[in-house]
Amino acid sequence: MTNQILNSTNKKPFHVAIIMDGNGRWANKQNKPRFFGHRAGAENLRSIVESCPQLGITTLTAYAFSSDNWGRPRQEVKMLMRLFNTYLQTEIKNLIKNGVKLTFLGRRDRFDTNILSKMENAEHATADGAILNLRLAVDYSARDMIIEAVKKLGTVELTRKSFSNALAKAQHSDPGALDVDLLIRTGGEKRLSDFLLWECAYAELFFSPVMWPEFNPEYLQSAVDDFKHRERRFGCIPKKMVG
Ligand code: IPE
Ligand code: IPE
Ligand code: MG
């Protein structure tokens, strides 16, 4: 659906996914509690989202909370949920103003009802956004999503296409789980941490040592510039090299 809207404005689809990592270390480096880093991280997402249209990004999938993050100390999880709640309260107006369509990827049965209804309201309120498709991965585990997709398939023949559609249904995203063009991880680690395992089959990877609260639009611009110089082959041989 969103792709149709975006295509109707003649924009070439460009899907960037970001693992927003490094909030805690960024805060600790300044002798501040981890919460300080998470708050700065949430604020940083706003400026990154606002910079996407001029960089040609049509879909941004951002990893905000993994299913394994429930295993962090209770206080930290509580604080992250509080921050998420605030985000849902304060950002929606801005997203609508900027033509951003917000959806959530992941499990929905473990959030409290107050947060869940705010998530649904946010999706409803921003549904007409045609400038940027923002997908926030919350309570997200790619492996769990794959298992859910397989369960959803039932007796339907298993093909890449049918699986992809079932995956979209399982994780509540638009039909046809979108392939990622560029995957960025901030914070210096070089791993996927159970993020978009199916959709990243041919993603270009970019690892930045910059901690997420400091990853500003200029850094995003350099990642996009770097991506533009990559040669994507998808297993084939480029025409100029044949023969
Ligand atoms: C990413 O930052 C945010 C979440 C996982 C919720 P971290 O909290 O993982 O920060 P570091 O990696 O410990 O610095
Ligand atoms: C991945 O970061 C999850 C998010 C950024 C939301 P983690 O900090 O949880 O991942 P690991 O533990 O370093 O693999
Ligand atoms: Mg981390």
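Helices (H or I, at least four residues) are DSSP runs, numbered from the N terminus.

## Basis of the model

This is a predicted model, in which local features need pLDDT of at least 70, side-chain atom pairs count only at pLDDT 80 or more, and totals for chains, interfaces and linings use all residues. Residues are numbered from 1 along each chain as its sequence is written, chains are lettered from A and ligands numbered from 1 in the order in which they are written, and side-chain values use heavy atoms, with hydrogens and water left out.

## Packing of α4 against α6

In α4, the residues M81, F84, N85, L88 and Q89 meet N114, I115, K118, M119 and A122 of α6. By class, this contact comprises 6 nonpolar, 3 polar and 1 charged residues; Ala, Val, Leu, Ile, Met, Phe, Trp, Tyr, Cys and Pro count as nonpolar, Asp, Glu, Lys and Arg as charged, and the others, Gly among them, as polar.

The axes of α4 and α6 (residues 113-125) are 10 Å apart, and the angle between them is about 35 degrees. Axes are lines fitted to C-alpha atoms, for helices over the stretch in contact, and angles run from 0 to 180 degrees between N-to-C directions. The crossing of α4 and α6 is left-handed, that is, the near helix is turned anticlockwise from the far one by less than a right angle, whereas clockwise is right-handed.

## Packing of α3 against α4

Helix α3 (residues 34-51) and helix α4 (residues 74-90) cross at roughly 25 degrees, their axes coming within 11 Å. The two helices are therefore roughly parallel to each other, a term for angles under 35 degrees. Their crossing is right-handed.

On the α3 side, the contact is made by R34, F35, H38, R39, A42 and L45, and on the α4 side by E76, M79, L80, L83 and Y87. These divide into 7 nonpolar, 1 polar and 3 charged residues.

## Surroundings of ligand 1

Around ligand 1 (heavy atoms within 4 Å) lie M20, D21, G22, N23, G24, R25, R34, H38, A64, N69, R72 and L80. An N or O atom in the side chain of R72 is 2.7 Å from an oxygen atom of the ligand. A polar backbone atom of N23 is 3.2 Å from an oxygen atom of ligand 1, and a backbone N or O atom of G22 lies 3.4 Å from one.

## Surroundings of ligand 2

Ligand 2 is surrounded by I19, M20, D21, Y63, A64, F65, N69, R72, R185, R191 and S193.

Methods:
Parallel < 35°, antiparallel > 145°, perpendicular 65-115°, else oblique. Contact = heavy atoms within 4.5 Å. Polar contact = N/O pair within 3.5 Å; in protein donor to acceptor, adjacent residues only side chain to side chain.
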